[in-house]
Amino acid sequence: MKDLFDVLSDFLKSDLAKEIYIQILVFVFVYTIAVIAVTVFGVRFFMKVEKTKMRNKREKYKALKSEVKRLKRDNSVLEQENAALQETVNGLTQEIHKWKSASNASALEDDPALAQYVRHD
Amino acid sequence: MSIIETDKKGVYTYIPSDQEEMYRDRQAILGLFHEYTAYQSDITDDDILVDDSSISEILIRVDKRKDYFKIFHNKTDIDELKEAALIVYWLLKFRPFSVSVSLPEIAQKYVDINERFALFLLLGAVKRAVDMKGAEFSLKNDYIDLLGYAFRYWDLSKEAMMLVAETLYAAF
């Protein structure tokens, strides 16, 4: 009576076993290729998506940076205009003050060259 | 005298003084103006513009008037006080000095620098003459203001200017 080992040995030596064996190898090979292909394409897709995200962020950053520069420039121009206006306001204030006090004050009393001829009674 | 009688019919021709004398007189006026500006702390020499041709005109016209006195007033010399009054008159006419500064309040203050200098010159000349006779010269502030106002807005003739100078001199 043939034991189980002999039966198995006979089966492995048969053509059917060889065919099953070849089919398994083919399946494993195809499966491996498929997994590699999916992995490669998946990684490339995600990298592309990430790159696009990074590029968008970079462009947004650049736009914000130039906007900040523009605002700083506008701010300095506004500060200069403000200083000029302030100076004008100060000048006008002094002018108004001078005109207001003109009726009482002497036009020449602030001239030290002429003050030497003034009599102080 | 720089006026000569060119014919016997009383026609006179003016011959300008020589360049050296003109230069000396010009320097004298500029020296007095420098003396005036030295009192002013808010302007420097760089802020002042001087019109040389106007100063030459002033000197020529004063020179002509001196000759006029000699011809029509029995060859008498014009005294220094009258000469100062004449210079003052022509200073007010030609206005040879101006101040160029960026600050509007300073520019506004010295818009009448010629009138101020003319007043300084006239009062200085009178003071010198009064000092020479041993008196003390000083005026009320109101009068100086009035004179300054007259220099700016009134029409004072050469004769009126000389009269003002002589009256001030005689008052002390």
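## Buried residues in a predicted model

A residue counts as buried when its relative accessible area is under 20%, as exposed when that area is over 50%, and as partly exposed in between. The structure described here is a predicted model. In helix 2 of chain B, the buried residues are Ser54(B), Ile55(B), Ile58(B), Leu59(B), Val62(B), Asp63(B), Arg65(B), Asp67(B) and Phe69(B). An α-helix has 3.6 residues a turn, so residues three or four places apart point the same way.

Helix 2 covers residues 52–72, which is 21 residues. From its first C-alpha to its last, helix 2 reaches 30 Å, close to the 30 Å expected at 1.5 Å a residue. After helix 2 comes Asn74(B), with a positive phi near 55°.

## The chain as a whole

Chain B contains seven helices and four strands. Read from the N terminus, the order of these elements is β-β-α-β-α-α-β-α-α-α-α. The radius of gyration of chain B is 17 Å, close to the 16 Å that the globule rule gives for 172 residues, so chain B is as compact as a globular protein of that length. Along the principal axes, the C-alpha atoms of chain B fill a box of roughly 60 × 35 × 30 Å.

Of the 172 residues in chain B, 43% are buried. Among contacts in chain B with a separation of 6 or more, 71% are between residues 24 or more positions apart.

## Surface and charge

Chain B exposes about 9700 Å², and carbon and sulfur atoms supply 52% of that area. The chain carries 21 positive and 30 negative side chains. The centres of these two sets lie 6 Å apart.

## Lys82(B) in helix 3

Helix 3 of chain B spans residues 80–94 and includes Lys82(B). Is Lys82(B) buried or exposed? Its relative accessibility is 18%, and the cut-off for buried is under 20%, so Lys82(B) counts as buried.

Which residues does Lys82(B) contact, leaving aside its neighbours within four places in sequence? They are Phe69(B), Met162(B) and Glu166(B). Phe69(B) is also one of the buried residues of helix 2.

## Arg95(B) in a loop

Arg95(B) lies in the loop between helix 3 and strand 4 (97–99) of chain B. With a relative accessibility of 35%, Arg95(B) counts as partly exposed.

The phi of Arg95(B) is near 45°, a positive value in a residue other than glycine. Most residues other than glycine have a negative phi.

Conventions. Residues numbered from 1 in each chain as written. Chains lettered and ligands numbered in written order. Predicted model: local features only at pLDDT ≥ 70, side-chain atom pairs only at ≥ 80, totals over all residues. Heavy atoms only, no water. Helix = DSSP H or I, 4+ residues; strand = E, 2+ residues; numbered from the N terminus. Rg over C-alpha atoms; globule rule 2.2 N^0.38 Å. Buried < 20%, exposed > 50% of the residue type's maximum accessible area, 1.4 Å probe, protein only. Contact = heavy atoms within 4.5 Å. Areas by Shrake-Rupley, 256 points an atom, 1.4 Å probe, with all protein chains shown as cover. Lys, Arg positive; Asp, Glu negative; His and termini not counted. Charge placed at Lys NZ, Arg CZ, Asp CG, Glu CD. Expected span 1.5 Å × (residues − 1).
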